[in-house]
Each structure stands twice: as C-alpha cells, then as structure tokens.
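Keep the viewer open as you read.

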Amino acid sequence: MLDYETQRKLIIVFVLAAILTIIVTIVALVFIWLPSKENISDEKVFEVGKVEQPAYTEEVVVENYYKQMYILFRNNDLDAIYDLVGKDYLEYFKYDKEDVINLLRDKSVLTRGLELVQYKSFLVSGYTNVYELDLKVKDEAYTINIVIRETSPNEYTIAFDKFIDYGEDTYTSTKNSIKLEIYKKIRYTNSIQYDFKLNNGYNKSVKINSGASGNPLILINSQGKTRRPVMTTLSVAEIELSSGQGRSFTAVFDIEDTYDFITYNTLVIKNVQFDGMHGADNLEFTIN
Amino acid sequence: MLDKIKTILTIALIVIVIFAIGYSIIKLIISAFETPELITMDTLSKYTKETNVITSYSTYFYYENCMKNLVEACQKELYKELYNIYIDDYKNEITNDEIVNKLKAIREMLIPKDIDDDIKYNLKKLYYAGTNYLAEIEINNYTIYLVFAETNSKEIDYNFALVK
C-alpha cells in the first residue's frame, strides 16, 4: 500500500502526463490538418477559356500609362516618344522631332527613372479623356508634366507642359447683328484660350464695354458657374466698332478648379451700346 | 349590319394571323440556310472603323484577360482545349486537322520559339463586330486580328477565332 505522499505525487504525474498528451495530440492534429503551402497559394489552376471580369479603377489606367512613360523615357526611346506626341502640339509650337528631343533634354528626363508624383484626370470632349501626369526624376528635383489624351483604351497621344489641344475649328454665333467668330481655341489643363473676332453687322457704330465698367467678358458653364478672364486683349477700356468693322481679341480663362471643359458653352460680352439706341445690352453667345 | 362588321373583322384577323405565321416560318427557314458572315482580312475594313472602337475600359480589360488566357494556353500548347473554344462558325470552313495546324500556326505567331520568355503582346484596339468583338493585337512586331465571342456555356467564358 502506497503512502499518502506517494499517491499524491503519482496523481500529479498522471495529471501532468495527461495534459502533455492532450497538448501533443492537439499539436499533432493541427500539424496534420494545416494546409500545405501549395494549397494556401493564391495561384489558381489555369483553365483555357476561363477569365474573370477585372475590376476597373482609374488608378489601374493611370498606372498603365505611367509604366509606359517610364519605359519610354528610361530607355531613351526617342522615336517612340516622338511618334506619340500629338500633331496639334507640334503644329501649335512649330516643333519638329529635334525640337521635341531638345525640349526633353532640357528637362533632363531622358534615360532617367521617373516617379509618379500626382495625376489628374477629366473628360475634355466626346470620348476624349485626359490624364495629366506629374513625373519626377528619381532622387532629383526635375519634373515633367505629361498630358495624355486618350480616345479609346490604350489609344492616345501625349503633350507636355499642361497642353491639351489646339483647334482652328470656327464657331460662329450672331446676336443683335454682332457676329462672334472663334477661330482658335487652345486648351491647357488649367486654362482655356479663345482667339476670336467681333464683327459689327449693325448699320451704325457699336461701343463694346460702354461706360468702361470693368472687363466685359464672362464665360459661363451649363451649371451657371462664371469665369472672368485672367488675361484678355479686350481691355477694360471702351472699344468702338464702326458699321462693318471687325476686330480680333484674345481671352484666357482659368479652369483649374473645375476641369469641366465641356460645360463651358456661353460667352457674354457686357455693356454693348448700339448707336442711336438707349441703354446697353449684354450679348450672350453660344460657343460650343 | 352588325353581323357584316363582325364577319369582316374576323376575316381580317384571320388574314393577319396567317400572314404573321407565314412570315415567321419563311424568316425561320431563310435564317436556317443563311451562313453568318465571317470576318476575313478582305472584309476587315468594314469593322475597323473609328466609330466601332470600344471605349469602355471594363470591356477592354475583360478581352485583354481573354487575350492573356489565350496566350497562356498557346504557351502551354493546349491545342485540344483551344479547339474547344474556337468559334464554331469559323470551324465549319476547315477540317479538324487544319484546325490543329491553324492553332499551331497561331501559337507560332504568338510565341516564336526563340523568344518564348520575352513575349510582348498588347491589345491595341477592340472593335464592335456585330454581336462579336474584333481585337487588334500586337505581338512581337506582328499585328493579328482575333474575333472574340461570348458563349452560353458555363464552363467557357469566351470563344475565339483568328481572322485570316
């Protein structure tokens, strides 16, 4: 017969052994059932004809264009870069291939790795999307602004320094015998410039900005948002056009905080005084 | 008088119904004998118009995935599986042996043996082509055109055919 102390020790040893056995069993079971590395891999079995609808995000598109630009500039692929530059950009600045290469050399961005600092994207007309990429040379302070104009996925041209496009499509609109003819439109990512001509079709003279009460031009979008020109040759002074006379002007409007280029569709010329008539009119021209 | 009107209406109704049924049957018979127009290199310009270009990114990305899947299948030389997803209408024109050879030719075109590890391909443009899609693909300086079609099969997401 074992004494009490020995019995107590045996019970403790038994209990400890039981606990140890349970722990070992649990560990063994976990080890057995733990999924192997192959099973927990995300890689799916390849099946011909089976594809998933990928999630489209703007970031994916921007990343794609950034990578394409990175490769072109890193590899100094001047032919491919030049081929991508929009014809209207070359035409507007009267650049040839050598000029584009010199521009990029001046910016010290060729053969260098580029980092995407920031981007903006917006629709400028119809199906044309614009992606404005600000890229910086790695470990340097040099930056380059590339504007990508995309008409369909992966179908695009590029321009530099915030230039979007340039057109000589003429918009003509007539109000109260005054004809407005926009003969040039230059769009940047932060502004829009109109070169236009005003023709006086009235049988007497007309005063634009009669009374010279500030700048007479206002650009309005479809939501009623108004823009005053940041620069214009149609000055704050009164301008008189005799009957049949026409004069050309330029006006630049800042668009940066809205990017809704499409919606700006009305140009207002304030305080137009027709000779022989009382009071002055504000003329609203549709420009899109 | 009322009876006359009723008779005229009844006859008119019967004539309309007979005409509608007859028209539908004739249409059905004609469509059964009609062969669908297949896209060939000769008729390509009919489909590659700017107005047919797909501007939707989700569609573009989807068929880009189809293209990747196809390239991978070619890399793995899965001809039998590629045959299964070849568009039936385009199969009708050729024998099975020719199809295998054609698929091998596609494979050769997609992945020339000497540049197996450096294949560069790009879904350049995607067009609407009736109920199908036409893909212009650049592969290692080649341009090929593939027709992609949706399927009703649960096991297969797309069919394809090479435009020749």
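The residues lining the largest pocket split into 14 nonpolar, 7 polar and 8 charged, where Ala, Val, Leu, Ile, Met, Phe, Trp, Tyr, Cys and Pro count as nonpolar, Asp, Glu, Lys and Arg as charged, and the others, Gly among them, as polar. A quick word on provenance: this is a predicted model, in which local features need pLDDT of at least 70 and side-chain atom pairs count only at pLDDT 80 or more, while totals for chains, interfaces and linings use all residues. Residues are numbered from 1 along each chain as its sequence is written, chains are lettered from A and ligands numbered from 1 in the order in which they are written, and side-chain values use heavy atoms, with hydrogens and water left out.

Back to that pocket: its volume is about 1100 Å³. A pocket here is an open set of points on a 1 Å grid over the protein atoms alone, where a 1.4 Å probe fits, with protein on both sides within 12 Å along at least five of seven lines; lining residues have an atom within 4 Å of a point. Grid points are joined across faces, edges and corners, and the volume is the space filled by probe spheres set on the points. Of the 29 lining residues, Q68(A), N154(A), Y121(B), N122(B) and E138(B) are the closest to the centre. α3(A) gives the most to this lining, with 6 residues. Helices (H or I, at least four residues) and strands (E, at least two) are DSSP runs, numbered from the N terminus.

The second largest pocket holds about 430 Å³. Of its 14 lining residues, the closest to the centre are K44(A), V45(A), F46(A), K50(A) and N69(B). By class, this lining has 3 nonpolar, 2 polar and 9 charged residues.

Now for the strands. Chain A has an open sheet of 4 strands in the order β1-β2-β3-β4, with antiparallel pairing; two strands pair if DSSP finds at least two bridges between them. β1 (114-125) and β4 of chain A stand at the edges with a single partner strand each, so one side of each has no neighbour in the sheet. Neighbouring strands are turned by 25 degrees against each other on average, direction ignored. Inside this sheet, β2 (residues 128-137) and β3 (residues 143-152) of chain A pair over 8 bridges, and L133(A) sits opposite I146(A) in β3(A).

In the loop between β2 and β3 of chain A you'll find D139(A). Its phi is positive, about 60 degrees, although D139(A) is not a glycine. D139(A) is also exposed, with a relative accessible area of 75%; buried means under 20%, exposed over 50%, and partly exposed in between (1.4 Å probe, protein chains only). D161(A), in the loop between β4 and β5 (163-167) of chain A, has a positive phi too, near 55 degrees. D161(A) is partly exposed at 37%.

Over in chain B, there is an open sheet of 4 strands, again ordered β1-β2-β3-β4 with antiparallel pairing. Its edge strands are β1 and β4 (158-162) of chain B, each pairing on one side only. The twist averages 30 degrees from one strand to the next. β1(B) and β2(B) pair over 8 bridges, with K125(B) opposite E136(B) in β2(B).

Technical notes: Axes fitted to C-alpha atoms, helices over the stretch in contact; angles between N-to-C directions.
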